[in-house]
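Here are my notes on the model you asked about. Have it open while you read.

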Amino acid sequence: MKASRSKDFAYAMTPLKILSWPVGTWPLQDYDIFSATRAIIAISLLLLMLTILHIEMYLDSSDAEKNLDGLALITCGILAVSKVIRFRIRPGGLISNFTSAVKDYDELKDQEKRVIVRRHAYMARLACGSVISFAYFTSTIMMTLPMLVEEEDEGIVNVTEESIPSYPIPSEYVMAIIQLPDNLYFIVFIVEYLMLIFLSTGNLGSDSLFFGIIFHLCGQIEILRLEFDRLNNENEKAMEHFTSLTKRHIYLLKLAKMLSETISSILAMQLFTSCILICTSGLQFIIALKIGNIVMTIKTFIVSTTLLLQLFAYSYVGEYLKRQMEGVGNSVYFCSWYNIPKCVAKDIIYVIMRGQDPVFLRAGKFFVVNMETYMSIIKTSMSYLSVLRVMINA
């Protein structure tokens, strides 16, 4: 393993490794048969889940509640497969950034810089913990719901009637076709729960990996801003120091661009599907409140919250990266440039100009992902949801 012995590195990267290693996307791993096997197992389970959901929706198209659940799981499953394949097949941007992070932590000596890095590592852990906790909690809720439903049905349904067992994912008709023995029900139950866990890990876990390295990159940009603030005439090698900072700026811009290109196509799918799922989950929530279905209300509320939190995390990270990049130009402008040699001061204008053109997180290389995008998607989703609600009431 290519890793740093720094405790700060372990603090920042251990949660990311725990989430990405099971699906074979940890960038600092050895890309051998063992890591490929983990990725294949994860992708196979996700594809199996997608196949079951498609067949189930084809066999039973009359149950609106189950079909909406199936639609949400299919959409999240496609995103999870796309992220795992993308991070596994084309990991160059992630590997470069994580390798650079190892070097950054090994060279971290200054206490002030260490505070900056630790603060961004804490932000990464907070973002990762929030999204993945909601994802695992949703998976657990979907696992426990069939148990609660069966307990309620025991006192209502006549014992002479044949009851169809419930599963964590909609698969009752598929299991009826396969005709599995009753003693295998628990095994199927556990396998489907594993599918939900891999779904959460492949989707939200991959997001956590991306958020973690983005926050580290933002920490390095803030350190660069600190170095530009310290430019003064006391440094006898001001030109060499300024040149090294400029090269560092170019290098960080390159790393940010690589990350943006890695996630660009996936972000386009993410924004489109998030808008759809927020509408469908919101519609389920309204229907559940109308009919007084408490279980469905809780489930749809948790799913909607997870979707909104995931979308907010991407938007906040994109906005934070943009502001940190723009802050480099501001730091150079407000430094003591009038006290440094003229040969250095005349080149500052180029750094300021480059700082006005920061690297953005883009969805499909067209849409900038920031807080403005988040508000736009929320407004659009609420507009469509209002139309659907009126159609239901009509």
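Predicted model: local features only at pLDDT ≥ 70, side-chain atom pairs only at ≥ 80, totals over all residues.

1. Residues are numbered from 1 along each chain as its sequence is written, and side-chain values use heavy atoms, with hydrogens and water left out.

2. Look at helix H2 (residues 33-59) and helix H3 (residues 64-89): their axes come within 9 Å and cross at roughly 155°. H2 and H3 are therefore roughly antiparallel (the word is used for angles over 145 degrees). Helices here are DSSP runs of H or I with at least four residues.

3. What handedness does the crossing of H2 and H3 have? It is left-handed. The residues in this contact of H2 with H3 split into 17 nonpolar, five polar and three charged.

4. The unreviewed UniProt entry annotates "transmembrane region" at several spans, including residues 71-89 and 184-204. Such annotations may be inferred rather than shown by experiment. In the model, residues 71-89 are 100% helix and 0% strand, with end C-alpha atoms 27 Å apart. Residues 184-204 are 95% helix and 0% strand, and their end C-alpha atoms lie 30 Å apart.

5. Now helix H11 (residues 348-355), where Ile348, Val351, Ile352 and Gly355 are buried (under 20% relative accessible area, with a 1.4 Å probe and protein chains only). These residues cover an arc of only 100° around the axis, so they sit on the same side of H11. Tyr350 and Met353, on the face turned away from that buried side, are exposed (over 50%).

Notes: Axes fitted to C-alpha atoms, helices over the stretch in contact; angles between N-to-C directions. Helix = DSSP H or I, 4+ residues; strand = E, 2+ residues; numbered from the N terminus. Parallel < 35°, antiparallel > 145°, perpendicular 65-115°, else oblique. Left-handed = near helix turned anticlockwise from the far one by under 90°. Nonpolar A, V, L, I, M, F, W, Y, C, P; charged D, E, K, R; others polar. Arc of directions from axis to C-beta.
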